[in-house]
Each structure stands twice: as C-alpha cells, then as structure tokens.
Amino acid sequence: MTSNIAQASDSRTSSEPRMIQMLTPDGERISSGEYDAFAAELDDEDLRGFYKDMVLVRRVDAEGNALQRQGQLGLWAPLLGQEAAQIGMGRALRPQDFVFPTYREHGVAWCRGVAPETLLGLFRGQNHGGWDPQEHNFHTYTIVIGSQTLHATGYAMGVGLDGEVGTGDPARDTATVACFGDGATSQGDVSEALTFAGAFNAPVLFFCQNNQWAISEPTSVQTRVPLFMRGQGFGVPGVRVDGNDIIAMYAVARASLDSVRAGHGPMLIEAFTYRMGAHTTADDPTKYRDAATTEAWAAKDPITRLRAHLESLGTPEEFFVEVDAEADALAARIRENCISMAEPDPAEIFAYAYREPHSLVEEERAEYLDYLASFEDSTEGAR
Amino acid sequence: MPTLALSKAITAGLRKAMEDDDKVVLIGEDIGKLGGVFRVTEGLQKDFGQRRVIDAPLAESGIVGTSIGMAIRGYRPVIEIQFDAFIYPAYDQIVTQLAKLHNRTRGHESLPVVIRVPYGGGIGSPEHHSESPEAVFAHHAGLRIISPSTPHDAYWMIQEAIDSPDPVMFFEPKRRYWLRGEVDTDNRGPGPHTAQVVTEGTDVTLVAYGPLMPTAADVVAAAADEGTSVELIDLRSLNPIDFDTIEASVKKTGRLVVTHEAPVFLGLGAEIAARITERSFYHLEAPVLRVGGFHTPYPGSKLEHHYLPDLDRILDGVDRVLAY
C-alpha cells in the first residue's frame, strides 16, 4: 500500500512537462501560447542579430578550446550548444539589469559588452577576471557552484530597498539574473537563495541552464523532479523552455524579466539544453556518455535551426557569408590579443588583497619585491 | 561622558553609523523586535524600520551571501551571527567570496560588509555557543578582524568597521557584554588596527585581547603583588596584527606571554611567537609562551573553567617565562 502511494506521487513517472518552443529543430516557426506576444516584437533584423551573436560566440568558444590545446590557456569552459539560451537571455536584458554569471556565461558576457579577450585572460591566468562589474552590469565569473545565486538575490533585495522595482518606468525597474546550472541546484546556497528571494519578494530571475551534465553526472543524479519545479516550494514559479530555440528563449526571458521588474516576485527559468562539448578542456566526456545522445542533440542545434528559419524568410546567402567572415576576423583578433598578453607583474599578487593598506601585505610585498630585485642586481653585476 | 555596558556601546555605535549613512543596514537572526539574543540591536528596528533592520531566514550562508549582493548594490550590511560556532555554514561565502571579490575584480569592487560575531566562553552555554574561531578567519587574506575589550573601543571600533571599505569581522567578547565603562563619544581611540599598551611594565609582556583583557588586568595586579612588573597589551586587531607595538615592548621586557581562549595550536599566539622571535631574537630572555584553549572540542560548561585561561593559568605562564 505504501509503495503504491509513493509510486502515485512520484513525478518521475508522469509524462514529460510542457516546454516552451517556437522554433522546431527544423527551423519551423510555431506558436507557443501566452509567450507568442513577447516574440512578436522580433523582426527579421533582430533574428539576424541573434544569428550573428550566436555564430560569433561559438567562434570565440572554438578559439578558447584551440588556445588551450596550444598551451595559451590553462583551461577553457566551452559553451558549445548553449548559445541560444545565453544570447536569448542576454538580448532580453535592459541596460540597468544586473547579471551574476557562472564561469560558462560567455554568451551573456558578449551581450553585456565584456570583451572575449578579458575572458581569455581569466582562463590564461593573467588574473581572476578583473572587469568592472558596474560598467557592464555583469558580475565576475563565479567558479564555486551556486554561490552567485545568493549574491544575485542580495543585489535584488538592494534593488527593492532602492525602490527600483514596480515603478512602471522601463528605464528604472531592474531585474537581477542569477545564472546557474543543473548541478548547482543541489547546492545549499541555491536553496537558500530561493528561500531569501521568496521571503523578501526579491526582483530576481533564476536562470538555470540545464545542460544535462554536471561534469560526468547526469541531471538524474541531482534531482527527482524537473528543475523548473524546484522553485515551487519556495514560492518561485518556474517555466521550462527549449534552450536551443533562441526565439522561445528570448520570449520567455522577456516575459519573465518583465514580471520580475514589475514586482511580481522571483521567477525561475529552466533552459533545457545540452552541453555539446566537454565540461572543461580538462574533461573527457567519452568516459561517461554515449555519442548517440550527443548526436541526437546535434540535430537540435540552435544555430542550424535559426539559419534554416532565416533562409525560409528569404535571407540572402551573402548575409551568412558576411557573418562567417566577421567570425574569422574576430577569431584572429582575440587570438592575437591573447597570445600577446604581457606577463603580469608580480606586484599584482599584492595589489588587490585589500582596498586599504594592510601592514602584513605591505611587508610581504616589499620583502618579495626586494628578493626579486636581488636577482636583477646580481645579473647586472655579472655583466 | 556616558558609562555604558559593552553591548550597549555597540548598540550606540550601530545607531550612530545608521544615522550617519542610510546605506547601513543590519541583517541577522532575531535582531528585529527581539533585538538579538544579546539585545545588541535592541530598539534599532523600532527607530530605523524593517527595511534597515532585517530579520533574516535562519540560514547563515544565505545571510552572508545576500549581504555580499547588497554590498555590490551599494549598501553597507552589518551582519549579526547569533553565536560563534553558528558561523560555519557561512564559511564558504566568507572565505571564497567576501574575502576575495576585491581581488577578483582587480579592485573594481569593494565589499564593505561587517560580520559581528559574539565569541568566547564563560557563559555556561551548551555546545557551539562558546567557541573562539578568530584564527580560522585570520588565516584568510581579504578579511580584517578586530575585537574590542572595552565599551569605549566597542563604540568606536564598530563604527570604524562599518566605515571600512574592506570586509571586517567584528568579534564581540560575549561574556563581557555586561562590562561597564566610560565611552568618550568625542574622542576615538588610536584606530582599529593598532595594539594598545594598557599597563606599562618592565619584566614580562603579556598580550591578550577581547574577553581575556579583564583577566589579564587581574594578572598584572597579582604579579605586581609578587614583585613582577607586567606590561599588558590589548591586541585589538587580529588581522592585521600590530607587531610593531609588541616588538617594542618585548625589546624592553625580554619576555612574552600570549593568551587567548582559542586553542593554542595554530592560534594567534603561534603567529605572534614566530614573528616576535624573528624580530627580537637577541632581545628574548626566554621562549615566547602561550596560554590558551586545548586541542579538544570545547567542553561542557561544568568543565569550561578548566579550558579557559584564568588568573592562575596565565600567572603560571608568567612564572614559567620568568624561570628561564
């Protein structure tokens, strides 16, 4: 009797949940109910812009992989396959919105104006990031899984204290976006972020890119229920969207951001996508997943499907050729700028440990720089 | 010049900081209507409202993590951790995020977050209510750690902590919350990161801080009765440590005892001993001795008087350092 009750309430046995989709893998434009209104504002120019964004960030990603293989980067975290999820979200943002990324948000970073070279510098080990979060309204990459969801929630609480929510002024109302992945949903910090967001009605959008893999662990290791449902118990409603469909992604992001900015409370988007590449360049997916699944997802590629749609709209071939040429030029530029990065100054280690002078750091800095200088003296003496 | 209990001096300092800057917000468990379990925030929610004195969900990592986010938005959050050992769920947010974001952003971002931590034993509490985890946090670059021992310092140092653009952990000697003293609200002390020579002496230097300062003052008096002149230093700042003041004293006395409630093993006393030995080797007449907690879990309250350094144990340390 008990086991029957458990079975009846086991959501894993229920049918597949609704997923918002507006562009089929073949590139056919379809209706998706209440979200259609938010996609209606997109014209052909916008769609071509999305296409270009996705091709360019995919090229940045490919270059990141190549530079790592050539020893120019210590590591790279590929975004291959997640371009639509990230560009769709990134292009739905307003300038005043603020994003708290993971370490794989190269597409969102692109939309927020962070130069790809800056990301390469991080993975090269020049520093740990170093862009000005306030300049881009895009926070630092966060490597510890899930931590940034609390920062996003706190930031949104601050937005609420500032009264920059629910005013009806599109230039003022501000949404905060907490990026995270399927693996992060198991972290206590994510549950605490949902708790605080719900309790304080914080204007934060939880943006979960479910790419099906947390390094080698499939999503089934993390959760018994679909991840868009994770927020329900915290009072954070969720929606699942086809993360490889940039039109649906944009529309759902637009709708959710609008609701959050209007003060209707936190929301959660599960972008259902797939990590086509390795977790990072240090990973080997052939050890834990079969090629057939990856190939099946390749048939749902976000760029291929948007291209098919654009072609059906009569987009001339020259457009695609031009985008490819622009990608070539971008790749050459970032490659050159990466390889030519100067060795960082050892004093960098000590420069930003504290904002105000700290006696111990100053002492250690002086001692170490003197130590280094002692070698310069001896070299000169030998000459 | 008002006479205040140490806890109420902190309250007064918080009130002053909130009056001076409307970006100062308080967040913690039970800090609103109740005023905190030690009543340090008593009356502040009534006067500044629920938006600036925030009762938080019972989640320490969430409290610190959301405070980081509020600081990024331009606020100056002051966190109350209810008891010392309840801080560990927030350890990750403190050491991997709060302490490092200034560095991660190459100086673009400052995190003016204060974490108030009532710490130390001697109040007869159950487990997890009497620990001294200051060295655990002092080990991490990016944090500043200070601990007042008098109401005057408590009043000023909490304001200095809030003014700091760096994250500050403010360790409050909870068994001395009821210690009363004069607070000069017109003249601040020597700055939060300076140690203070409280009593001058010639034979032995004794370094203490926070809850052990009154005990150490008793040691000075008792030693004087035995004809020993002890120079007492209140460390005040635990990161950075004002080694210059200790060094100057040790070069005069030739002997040093460091005492704290925290375990001796890898405690602040170990670092002080190493640094002072490096700086004052030829002036030392004896090895630096430490008197503190044991490498054991904090005992039940019926045994804590054995664990905590008291007058006799510190005096014993003074006698031993003199016997070399």
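Start at the boundary of chain B and chain A: 30 residue pairs are in polar contact there, both residues at pLDDT 80 or more. A polar contact is a pair of N or O atoms within 3.5 Å; within protein, one must be able to donate a hydrogen and the other to accept it, and residues adjacent in sequence count only if both atoms are side-chain atoms.

This is a predicted model, in which local features need pLDDT of at least 70, side-chain atom pairs count only at pLDDT 80 or more, and totals for chains, interfaces and linings use all residues. Residues are numbered from 1 along each chain as written, chains are lettered from A and ligands numbered from 1 in written order, and side-chain values use heavy atoms, without hydrogens and water.

**Stop 1: the interface**

Select the chain B side. Elements giving two or more residues to it are β2 (24-28), β3 (53-55), α3 (60-72), α4 (91-98), α5 (101-104) and α10 (268-280). Helices (H or I, at least four residues) and strands (E, at least two) are DSSP runs, numbered from the N terminus. Colour α3(B): with ten residues, this helix gives the largest share.

Now show both sides. On chain B, 47 residues are in contact (heavy atoms within 4.5 Å) with 48 residues of chain A. About 3800 Å² is buried between the chains, and carbon and sulfur atoms give 55% of that. Buried area is the accessible area (1.4 Å probe) that two parts lose on being put together, summed over both. Next, pick B:Arg73, B:Arg104 and B:Arg106. They supply 19% of the area that chain B buries against chain A, more than any other three residues.

**Stop 2: a salt bridge**

Zoom to A:Glu363 and B:Arg279. They form a salt bridge, with the closest N and O atoms 3.3 Å apart.

**Stop 3**

Select β9, β11, β10, β13 and β14 of chain B. In that order they make an open sheet of five strands with mixed pairing. Two strands pair if DSSP finds at least two bridges between them. β9 (196-199) and β14 (289-293) stand at the edges with a single partner strand each, so one side of each lacks a neighbour in the sheet.

Look at β10 (204-208) and β11 (230-234) of chain B: they run parallel, joined by five bridges. B:Val204 has B:Val230 as its bridge partner.

**Stop 4: the packed helices**

Finish with α12 (311-323) of chain B, which touches β10, β11, β13 and β14.

Methods. Salt bridge = Lys/Arg side-chain N within 4 Å of Asp/Glu carboxyl O. Axes fitted to C-alpha atoms, helices over the stretch in contact; angles between N-to-C directions.
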